[in-house]
Amino acid sequence: MFSEKLRDYARKNYERRLPVLGCLKEEIEQKLRNCTPNEQVLMKFFYGTMPVRDAGEYDFEVFLEYVRHFLMLYETMEWCRKLPEEILLNHVLYYRINTENIEDCRRFFYDQLIDRIKEMTVEEAVLEINYWCAENVAYEASDDRTLSPLSLYGAGKGRCGEESTFAVTAFRSVGIPARQVYTPKWAHCDDNHAWVEVYVDGKWYFLGACEPKEVLDEGWFVNASSRTLLVHEREFSDYGCNGNNGLSCFWREGSLSYGNVTSCYTETKEFRVKVAEADGAPAPNARVFVEVLNSGEFAHIAVLVTDNDGQASLCLGKGTVLVWAVKDNRIGETLAHTEDEREVYLTLKEESQYISKVRQGKPSWNGMDIQAPKEGRACASHMTKEQKAKNRERVQTSMEMRKNRIKGYFQEELAEKYKRERELLLLSAGNFGQIYEFLDRDDNPDRKRMLYSLSIKDYKDVRAEVLETHLRDAARYRTEWKERGQLDIYTSYILCPRIYMEELTGYRQEIRELLTGSLGEEEIRRFQKEPAFIWEYVKAQVRYDEKEDYDALLSTPAATLKLKFGSPMSRKILCTAICRTLGIPARLNQTTREVEVFRDGGFVRISGMKEGRKDEYALLILKRHEEDEWNYYQNWTIGQYRQGRFVTLDYQELQFRGSELKLKLTPGVYRILTANRLPSGNQLAAQCKLCLDPGQTFEVEMYLRAGEPKKMLVSNQLEDFEVVEDGVLRSASSLMRGGTNILMFIEPSEEPTEHVLNEMITLQENLKNLEIGMCFVLRDEKRQRTSAWEKVLRAFPDGKLVYGEFDDIVEPLARRMYVDPEKLPLLILVKPGLEGCFACSGYRVGSVKLAIDLLKVSMKDDKNGGIVRGR
């Protein structure tokens, strides 16, 4: 069944990996002996390629079920037997897709789908399976922890990374090769996206996960992906890497291999980086970080390693990237515009020189022009009018099916007992039974306290018994903290089982047993007296080899301690868990990601400090004009220089109070970034680097570069759509007056729309003087007529009033104009021929005034015969 090449690959990788598996080695070897020859080959393939973390987290039997399901598919699904071996192994067999919790789930998905796709071709089956996915899961923004496919089925909603993991699982469960593809960061807007590719008749095709269409190679992201800098796919084995059917690997991250599929979506260039030492000699084995400005921070989208000639190359889209090179204690950086440059040269300098230059220089703002890739060819199929109608109907049906299923999990008569926890129980969706079981076991008030300490996503997949173990094991410390009058500290930092983004497990008893067995009670009391020793213990006991793992996967605390293997973040999670197990209030600092314990009325750091150094701080005061709006992870961030690169400090809800913002920071070199994103996707950025010494107070005036109005105009062709005017179905293009029109999708009585309407009333004379057309689009005639809406109708009697299906119309228009499709009102400035030149969604103060200013610029430009392309 398997080639000799695979047998040899599996055996060699398994034997190489065995020493790393530590205490698991003997158990795995024994269980392998009970497997069939074919099962042995595939289990060795798994254990030889999987992130070591997975070997410590999941039982042998979980992986064996994936193997047995795959062997069943190979015997029963004809299309499986026709597939190349590397495609089968990496895209049908493999158990891991993203960073999801691994469960035995393939049989569940298979049972849901197999009868539905009987007698279908592979292509027909793919399209039908995606409808099934839409019947069960829809998009919802959430945190970065990835739910398992089974948990997502119960939740009914997830972010794109979870939707694509779910869809890939569905395809693989019936033997259809599938993979998750990512653009790690968009270059034209502040976000990222994941979707799915399927292997049909010898070729990879794309589709939106849980977003079914009637054809392959179709999705809302088609135009967006034509503006990307990088799209990649990931494999957890390198079997077949750079072969005819395998991926072309451009980057290895631990046990993970990345394949570059950017050229399938947009025009690309081979971009080369040459790194040299100070004396001009090539710098081999330097790490090269390729970074994109997104959400106000430079985030890496690829990490390359230079060859013996000091060179590394990558196929990229055409835009601006920041390139960092790091080797030992030497660094280099440059901004590169890949549309104009095929290669860049970096000369490494000593880190001490870099820091000294920042320290000696006077902090100032330096501007950077960041170019987004232009919209390119759209590699997509197109549905016919009939296919669109059929798709619209089926998607609507799928949505109703999903809503009804999720609604059915909620038991009103049980929830009635917990009125204050009703919202929490609603959020649990398919996990209602687990949350209710824990809540209703007795009247212990800490049950509710614990539930409110969890994240929203935890309600969707945490098990009652896991919560029960934490409630029981933490209770021994409750009285002490109650007597101190600090039950809130106890709840958040001892009782709470959630530390970071790890899977929730009942780790306390196992950790206590492992510590007692290896250290004894006296050493544990020493830990409780001086928690800093806990971090020293974890560092000494837990090893890590990044080549054998994938550090985005976080180990659970007990598994890390048992295997004595864990990533840097997993070690910090373990340290925090040990503290809580021993009754020491502890947390991971949200901003610095360091372990802190509660001592003498405040939190003090115990990780991330140089030996013998005390915890010292500096004060950075950021100044602003009060009318300026600063939003962290939107138009600014601050990063600290660490080990050759700037690492963004994770301030999630940081806000200015009045005219200044005070930040208590550890001494070091910092970089403040600001970015003004233009409608074209380009950014006017600026950076300010500074060095903070212990005890120093430093002030910086914030600076955001302003864009010329002309640069805010774009030229995007909109697809025509239909609306109803006076009971008659008409095309939108037929309603547009000659010249420029304002197309407005509004919801009178909703606050964002009311703000826009009131601003229109205030500026009505300015709008009338422009002599432009107006078209107001509402969902239906039932919308409440508010005072502001009535005033707008009276002020603009010539405006067109029409009705349309927002669910079908708004999203494609908003995405075409690269604004948020989930926010209303949607305002679009439209030139003849349905050419969109500006759009905004939601409401921000002054949006109507901005539209008026841009209309004047656009009309002046048209009068002069110019065409604004906004590039």
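Predicted model: local features only at pLDDT ≥ 70, side-chain atom pairs only at ≥ 80, totals over all residues.
**Overall form**

I started with the chain as a whole. I counted 32 helices and 35 strands in it. The radius of gyration came out at 29 Å, close to the 29 Å that the globule rule gives for 871 residues, so I put the chain down as being as compact as a globular protein of that length. I then took the C-alpha trace along its principal axes and noted a span of about 85 × 75 × 70 Å. I also looked up burial: 56% of the 871 residues are buried.

**Salt bridges**

Next I went to the charged pairs. Side chains of opposite charge can pair when their charged atoms come close. With a cut-off of 4 Å between the side-chain nitrogen and the carboxyl oxygen, I got 71 salt bridges. I looked at some of them one by one.

I looked up Lys 417 and found a salt bridge with Asp 440, with 2.7 Å between the closest N and O atoms. Lys 417 sits in the loop between helix H15 (412–415) and helix H16 (422–428), and Asp 440 in the loop between helix H17 (432–439) and helix H18 (446–452), so this pair ties together parts that are 23 residues apart in sequence.

I then turned to helix H31, where Arg 815 and Glu 811 lie 4 residues apart, about one turn of the helix. Their side chains form a salt bridge at 2.9 Å, N to O. Arg 815 has a relative accessible area of 22% and is partly exposed; Glu 811, at 32%, is also partly exposed.

For Glu 660 and Lys 662 I noted a salt bridge with an N to O distance of 3.9 Å. I have Glu 660 as partly exposed, at 23% relative accessible area, and Lys 662 as exposed, at 52%.

I also noted a network of salt bridges, which links Glu 437, Arg 441, Asp 442, Arg 447, Glu 465 and Glu 468.

**A negative patch**

Last, I looked for like charges on the surface. I found a patch of negative charge there, where Asp 726, Asp 780, Glu 781 and Glu 805 gather. I followed up one of them, Glu 805, and placed it in the loop between strand S33 (800–803) and helix H31 (806–816).

Key
Residues numbered from 1 in each chain as written. Heavy atoms only, no water. Patch = residues over 30% accessible without salt bridge, like charges linked within 9 Å, V, L, I, M, F, W, Y side chains within 5 Å. Areas by Shrake-Rupley, 256 points an atom, 1.4 Å probe, with all protein chains shown as cover. Lys, Arg positive; Asp, Glu negative; His and termini not counted. Charge placed at Lys NZ, Arg CZ, Asp CG, Glu CD. Helix = DSSP H or I, 4+ residues; strand = E, 2+ residues; numbered from the N terminus. Rg over C-alpha atoms; globule rule 2.2 N^0.38 Å. Buried < 20%, exposed > 50% of the residue type's maximum accessible area, 1.4 Å probe, protein only.
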